[in-house]
Amino acid sequence: MENFIDEIRDNPNRMNIKILSQSANNIVADITPAYTVVTAGTPITAEKMNEIKNLVETSANNAITANSTSTQASLTATSAYEKAEEALTKSEQAVGIANDVSTKSDQTRSYVDGEMTRLSQLLTEKQGSIAYENGQKIDSFELTDKANQSDLETLQNLLQNQISSLQTAMANLQTELTNLKNGTSTFTLLKAKTIDLVD
């Protein structure tokens, strides 16, 4: 739309008045400009006014749409941020569980190695090279008759407890890995080369 300009006149208030008829209470006359137009102004027409009106209405509608879009974008960004934090938390939990399982596995292996060494020593001590029964030397005997059954049962219980603890940790890790496969972790999303944190 072109810019509006004012009309510029010489003697802008000068007018010609031609009296056509006159009575005591009434004068009929033609009034015409007596000034000279130096620069023509922009004509004000219904078409131009309607154009201005349409522009104003369009601008108002665009402003409303922009505000709605901005609000939605803000909500989307907030939701994405919350989902990213949740995904990060889950990934950190998965790493923690994996580290815990690794630690328990190392502890179990170390414990089993130690107990196996202890058991070997125990069996060596129990069998001996010479056996006695009631103070008399005997040629042969059953190892199960001489070994301390309480020690063997204790060892078995300790090993079973360690195995149960390891199984529990592995089950927790499997659950977390299932969550990762369901797309609730940034690891899964990055592997698939897509991040869609918005419902």
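**Note on a predicted protein chain**

1. Of the 199 residues of the protein chain, 10% count as buried; buried means under 20% relative accessible area, exposed means over 50%, and partly exposed is in between, with a 1.4 Å probe and protein chains only. This is a predicted model, in which local features need pLDDT of at least 70, side-chain atom pairs count only at pLDDT 80 or more, and totals for chains, interfaces and linings use all residues. Residues are numbered from 1 along each chain as its sequence is written, and side-chain values use heavy atoms, with hydrogens and water left out.

2. The overall layout comes next. The protein chain has four helices and six strands. Helices (H or I, at least four residues) and strands (E, at least two) are DSSP runs, numbered from the N terminus. Along the sequence the pattern reads β-β-β-β-α-β-β-α-α-α.

3. Now the surface and the contacts. The protein chain exposes about 15,400 Å². Carbon and sulfur atoms supply 51% of that area. Accessible areas come from the Shrake-Rupley method with a 1.4 Å probe; for residues, only the protein chains shown count as cover. Among contacts (heavy atoms within 4.5 Å) with a separation of 6 or more, 62% link residues 24 or more positions apart.

4. Strands S2 and S3 deserve a look. S2 spans 15–22 and S3 spans 27–33. They pair in the antiparallel sense over seven bridges; pairing requires at least two DSSP bridges between two strands. Asn16 has Thr32 in S3 as its bridge partner. A hairpin of four residues joins S2 to S3.

5. S2 and S3 each supply at least two residues. The largest share, three residues, comes from S2.

6. Ile17 sits in strand S2. Ile17 counts as exposed because its relative accessible area is 60%.

7. Val37 is the last stop. Val37 lies in strand S4, residues 36–39. Val37 counts as partly exposed because its relative accessibility is 39%. Leaving out residues up to four places away in sequence, Val37 touches Glu7, Ile8 and Arg9. Val37 and Asn11 are 26 residues apart in sequence, and 9.1 Å apart in space, C-alpha to C-alpha.
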